[in-house]
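Trainee: I have a new structure to read. Where do I start?

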Amino acid sequence: MNAQQPLPLIGVTMGDGAGIGPEVIVPAVLDAATLGRCRPVVIGDAARLREAARILGADCEIVAVPSPAAAESAPGRINVVDLGLLPAGLAWGTLSAAAGDAAYEYVKRAAELALAGEIDGICTAPLNKEALHAAGHVYPGHTELLAHFTGVEEVSMMLSTEKVKVIHVTTHIGLIDAVNRIEPGLVERTVRRGHEAMVRAGVAAPVIGVCGINPHAGENGLFGYGEEEEKIVPALETVRRDGIDARGPLPADTAFFLASRGDYDLIVAMYHDQGHGPVKVLGIEAGVNLTVGLPVIRTSVDHGTAFDIAGTGKAEAGSMIEALRQAAEMSTAR
């Protein structure tokens, strides 16, 4: 980074206030390495962050600011755009429509700030889908919420660990629906989004492995009904003509092993569990979720609200620190 270039402003949404979001945010935004990469500004509830800091025994000052521009970077200081939405005495580790509604509003405000150019990227703490729905906001998760708020019709989910990165053609739909939805145009657009994200992250010529749909990628028609030839091969032929190194269709049961040893920079998974299962085995503790295709960088922890340990001080902040690192890295590259 240029020494004169200001560090990127990253909006950190607090997620579900009854979960571990506040407890992973506090140490992550106080982390010296984080402060050396970006200027984090939490979008959430200052009172809940103070409670989390008390539980953790963190020595810090939590300061409500009217805007990200008003935030001051200093060791031991946490800047918060305080929406003040959570009820006093909200129990930790319990499903709450109020917390679900607040989580929705944090994401909405972050999207507004990003589109206005007031923050350079978004990093999200986990929300709870059931709480979100209980509040009347029927979205599958952060990815779809941010697409809605930014007016983008189609985005992709990417999961990132130290060993493997994977982007998904389909995510939160049933398996039969996923197979029906996969078509050459969607596969092509997903590969292109993945390629762009890897280049942005500093991989000049990424090697992309593309999974098949059926076992053994259909094994020349032995399994399935020709889905690979119909839905995937035409997309790969198109992107290759544009110089993108996309290889496949590959048997999914070996593709992730090959990626983990360095053969591929990115794997394209056709459906949710095809990509999520291997990634979570390899690195759920430090996994990062990225939304690719938005007009703003967005990263997230790759874990849930963990209601079972919320409010106990046991939550690990490693994934949030890594999510902030990647948000800063990709926002700077922009």
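Mentor: Start with one cut-off. A residue is buried under 20% relative accessible area, exposed over 50%, and partly exposed in between. Keep in mind that this is a predicted model.

Trainee: Let me try it. Is His216 buried, exposed or partly exposed?

Mentor: Partly exposed means between the two cut-offs. His216 has a relative accessible area of 40%, so it is partly exposed. His216 sits in the loop between β8 (207-211) and α9 (227-241).

Trainee: What is the phi of His216?

Mentor: It is near 60°. That is a positive value in a residue other than glycine.

Trainee: Where does Ala306 lie?

Mentor: Ala306 is in the loop between β12 (297-301) and α12 (318-333). Its phi is near 50°, again positive in a residue that is not glycine. The relative accessibility of Ala306 is 24%, so Ala306 counts as partly exposed.

Trainee: Now show me the two ends of the scale. How do I class Ser319 and Asn180?

Mentor: Use the cut-offs again: under 20% is buried, over 50% is exposed. Ser319 has a relative accessible area of 1%, so it is buried. Asn180 reaches 58%, so it counts as exposed. Ser319 belongs to helix α12. Asn180 belongs to helix α7 (residues 175-181).

Trainee: How far is Ser319 from Thr161, in sequence and in space?

Mentor: Ser319 and Thr161 are 158 residues apart in sequence. In space they are 9.7 Å apart, C-alpha to C-alpha. Asn180 and Glu227 are 47 residues apart in sequence, and 9.7 Å apart in space by C-alpha atoms.

Trainee: What share of contacts links residues 24 or more positions apart?

Mentor: Take the contacts in the protein chain with a separation of 6 or more. Residues 24 or more positions apart account for 73% of them.

Trainee: Let me turn to strands. How many residues of β11 are buried?

Mentor: For a strand, check each residue, then each face. In β11 (residues 288-292), 5 of the 5 residues are buried, so the strand is largely enclosed by the rest of the structure.

Trainee: Which residues lie on each face of β11?

Mentor: Val288, Leu290 and Val292 are on one side. Asn289 and Thr291 are on the other. All of these are buried, so both faces are covered, given that buried means under 20%.

Trainee: Which strands does β11 pair with?

Mentor: For pairing, read the bridges and the direction. Strand β6 (residues 156-160) joins β11 through 5 bridges, and the two run antiparallel. There, Met158 stands opposite Leu290. β11 and β12 are also antiparallel, with 4 bridges. In that pair, Leu290 stands opposite Thr299 of β12.

Trainee: What joins β11 to β12 in the chain?

Mentor: The two form a hairpin with 4 residues between the strands. In the hairpin, Gly293 takes a positive phi near 115°.

Trainee: In which sense do β5 and β12 pair, parallel or antiparallel?

Mentor: Parallel. Strand β5 (residues 121-124) meets β12 over 4 bridges. Ile122 has Arg298 of β12 as its bridge partner. β12 is mostly covered too: 5 of its 5 residues are buried.

Trainee: Now step back. How many helices and strands does the protein chain have?

Mentor: It has 12 helices and 12 strands. The radius of gyration is 20 Å, close to the 20 Å that the globule rule gives for 334 residues, so the chain is as compact as a globular protein of that length. Its C-alpha atoms fill a box of roughly 60 × 45 × 35 Å along the principal axes.

Trainee: What about cover and charge?

Mentor: Buried residues make up 51% of the 334. The accessible surface comes to about 14000 Å², and 50% of that belongs to carbon and sulfur atoms. For charge, compare mean positions. Those of the 26 positive and 41 negative charges are 3 Å apart.

Conventions
Residues numbered from 1 in each chain as written. Predicted model: local features only at pLDDT ≥ 70, side-chain atom pairs only at ≥ 80, totals over all residues. Heavy atoms only, no water. Buried < 20%, exposed > 50% of the residue type's maximum accessible area, 1.4 Å probe, protein only. Pairing = 2+ DSSP bridges. Rg over C-alpha atoms; globule rule 2.2 N^0.38 Å. Contact = heavy atoms within 4.5 Å. Areas by Shrake-Rupley, 256 points an atom, 1.4 Å probe, with all protein chains shown as cover. Lys, Arg positive; Asp, Glu negative; His and termini not counted. Charge placed at Lys NZ, Arg CZ, Asp CG, Glu CD.
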